[in-house]
Amino acid sequence: MTVTLDDMRVIAYHEAGHAVVAWSLGVLIKELRIGPNGGICKHALTVSPLLDPELMGKGDWMKVEKQALILLAGEVAEQIGGQMAELAGYGELAELCNYAHDASSESIVPGSDREELRELVQLAFGDLGPHAVEWIDRTEAKATDIVMDHWSRVCALSNALLNKNVLCGTEAIQVIELTE
Ligand SMILES: [Zn+2]
């Protein structure tokens, strides 16, 4: 299977989405990478796997929310990329974005963003009941707002990634901050 420029653009949108949302939340970006098989966005935010729902303070909840927003930002960027491509008349790119979004949002593959999100929410809420699911939906809406607000930055960062495939944190932050 050949990987087209459109395929790479979808991967770039996804990773740029993670990075721009991390940046908007004050989380340091460390590295971005894209390749024919996917990409990675390394950042500095970690949530302790030893969190106890009974003992969580405000700072813990803020960390959990930030991590969830960053995790959701990849699939959200695919979705918005699809809508924008549709509006611009790029039917093929729109289709690829929508396909990628469906695959990401329904993923049960270990290590995927959705699986990591489920683990995080399970840890913070103690279960994946209706309250937790509702929280995920609300967080997804928030992530969508952030990506929308910074869409030009996501596009600029995607373009930089398509040019170079690897960006260190400083380069990524520079592209984000030089874009209005
Ligand atoms: Zn991702």
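Visitor: Let's start in the sheet: which residue of E2 stands opposite Leu32?
Guide: Keep in mind that we're looking at a predicted model. E1 and E2 pair in the antiparallel sense over six bridges. Within E2, the residue that stands opposite Leu32 is Cys41.

Visitor: How many residues lie between E1 and E2 in their hairpin?
Guide: Strand E1 covers residues 29-35, and strand E2 covers 38-43. The two form a hairpin, and the number of residues between them is two.

Visitor: What stands opposite Leu32 in E3?
Guide: E1 also pairs with E3, again in the antiparallel sense, this time over three bridges. One of the residues to look at is Arg33, which stands opposite Val166 in E3. For Leu32, the residue in E3 is Leu167.

Visitor: So what is the order of the strands in this open sheet?
Guide: The edge strands are E2 (38-43) and E3 (166-168), each pairing on one side only. E1 pairs with E2 and also with E3. With antiparallel pairing, the three strands of the open sheet have the order E2-E1-E3.

Visitor: Moving on to the helices, are H2 and H4 roughly parallel or roughly antiparallel to each other?
Guide: Helix H2 (residues 58-87) and helix H4 (residues 113-125) pack with their axes 9 Å apart. The angle is about 160 degrees, and anything over 145 gets the same label. Therefore H2 and H4 are roughly antiparallel.

Visitor: How many nonpolar residues does the contact of H2 with H4 have?
Guide: On the H2 side you'll find, among them, Val64, Ala68, Leu71 and Leu72, and these meet H4 residues including Leu117, Leu120 and Ala124. By class, the contact has two polar and three charged residues, and its nonpolar count is seven.

Visitor: And the crossing of H2 and H4, is it left-handed or right-handed?
Guide: H2 also packs with H1, and that crossing is right-handed. The crossing of H2 and H4, on the other hand, is left-handed.

Visitor: How many nonpolar residues are in the contact of H1 with H2?
Guide: Val10, Tyr13 and Val21 are among the H1 residues making the contact, with Leu69, Ile70 and Val76 among those of H2. The rest of the tally is five polar and two charged, and the nonpolar number is 10.

Visitor: Zooming out, what is the radius of gyration of the protein chain?
Guide: The chain has seven helices and three strands, and its C-alpha trace spans about 50 × 30 × 30 Å along the principal axes. The globule rule gives 16 Å for 180 residues, and the chain comes close to that, so it is as compact as a globular protein of that length. Its radius of gyration is 16 Å.

Technical notes. Residues numbered from 1 in each chain as written. Predicted model: local features only at pLDDT ≥ 70, side-chain atom pairs only at ≥ 80, totals over all residues. Axes fitted to C-alpha atoms, helices over the stretch in contact; angles between N-to-C directions. Helix = DSSP H or I, 4+ residues; strand = E, 2+ residues; numbered from the N terminus. Parallel < 35°, antiparallel > 145°, perpendicular 65-115°, else oblique. Left-handed = near helix turned anticlockwise from the far one by under 90°. Contact = placed C-beta atoms within 7 Å. Nonpolar A, V, L, I, M, F, W, Y, C, P; charged D, E, K, R; others polar. Pairing = 2+ DSSP bridges. Rg over C-alpha atoms; globule rule 2.2 N^0.38 Å.
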